[in-house]
Amino acid sequence: MKLVNPDDIHAPVGAYSHSASVSSAVSLLILSGQIGMRKDGYVPEKQDEQLRIALQNIQAILEAHETGIKDIIKMTFFWSDKILAPEVRNSLLLGWLGEHRPCMTMVVVKGLARPDLLVEIDVSAIGKQHD
C-alpha cells in the first residue's frame with residue numbers, strides 16, 4: 001500500500017492520508033460497520049467509550065483475518081448527532097493507529113441503527129491472499 005499526500009494541496013487536518021493505492025496482488029478485506037458494543041451486548045453512554053470499543057472490535061476482526069491496523073486502507077466514521085471533540089478523538093485515534101495514516105471520512109448522521117449508538121466505523125483493509 002502506498003499512502004500519498006500531494007504537496008500541492010493542504011496537509012491532512014487529522015490522522016489520515018489523502019489517498020491510498022494498493023496493488024492488485026492482494027485481497028481486499030471489507031468490514032461491516034463496527035459499533036461501540038462489547039461482546040456481552042453492553043453499549044456505554046459516552047461517545048469516547050463507544051469509539052474505543054469500536055476500534056477494539058475492528059482490531060479483533062483484522063486479527064481474525066491475520067492482518068492488522070497497518071493494513072487499513074480507508075475508515076469512514078458515522079457520528080450520531082455530533083463528532084467527538086477533536087482533541088479526544090485524535091488522542092484515541094493516534095494511540096490506536098500508531099504511525100499509520102489510512103484515508104478517512106467523518107460524517108455526522110441523524111441517527112444510527114439504534115438510538116444508543118453514537119458512532120459506527122466502516123473499514124476497508126488489505127487482506128491475506130486466499131483461494
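These are my notes on one protein chain, taken from a predicted model.

**Ground rules**

I number residues from 1 along each chain as its sequence is written. Because the model is predicted, I ask for pLDDT of at least 70 for local features and 80 or more for side-chain atom pairs, while totals for chains, interfaces and linings use all residues, and my side-chain values use heavy atoms, without hydrogens and water.

**Entry 1: the elements**

I looked up the elements. The protein chain has two helices and six strands. Both are DSSP runs, numbered from the N terminus: helices are H or I with at least four residues, strands are E with at least two. From the N terminus I read β-β-β-α-β-α-β-β.

**Entry 2: overall form**

How does the radius of gyration agree with a compact globule? A compact globule of 131 residues would have a value near 14 Å, and the protein chain has 15 Å, which agrees. The radius is taken over C-alpha atoms, and the globule rule is 2.2 Å times the number of residues to the power 0.38. Along the principal axes, the C-alpha trace spans about 40 × 40 × 25 Å.

I then checked burial. Of the 131 residues, 37% count as buried (under 20% relative accessible area; exposed is over 50%, partly exposed in between; 1.4 Å probe, protein chains only).

I also sorted the contacts (heavy atoms within 4.5 Å). Among those with a separation of 6 or more, 74% join residues 24 or more positions apart.

**Entry 3: the core**

I searched for nonpolar cores. Such a core is a set of buried Ala, Val, Leu, Ile, Met, Phe, Trp, Tyr and Cys residues joined through side-chain atoms within 4.5 Å. The largest has 24 residues, and L51, I58, I72, M75, F77 and I121 have the most contacts inside it. β3 (27-35), α1 (47-64), β4 (72-80), α2 (86-97) and β6 (119-127) each supply at least two residues of this core. α1 gives the most, with five.

**Entry 4: two loop residues**

Where is L118? I found L118 in the loop between β5 (103-109) and β6. Its C-alpha atom is 7.6 Å from that of D81, 37 residues apart along the chain. Leaving out residues up to four places away, L118 touches E45, W79 and L112, among others.

P6 sits in the loop between β1 (2-4) and β2 (19-21). P6 counts as partly exposed because its relative accessibility is 32%. From P6 to I30 I read 26 Å, C-alpha to C-alpha, for 24 residues in sequence.
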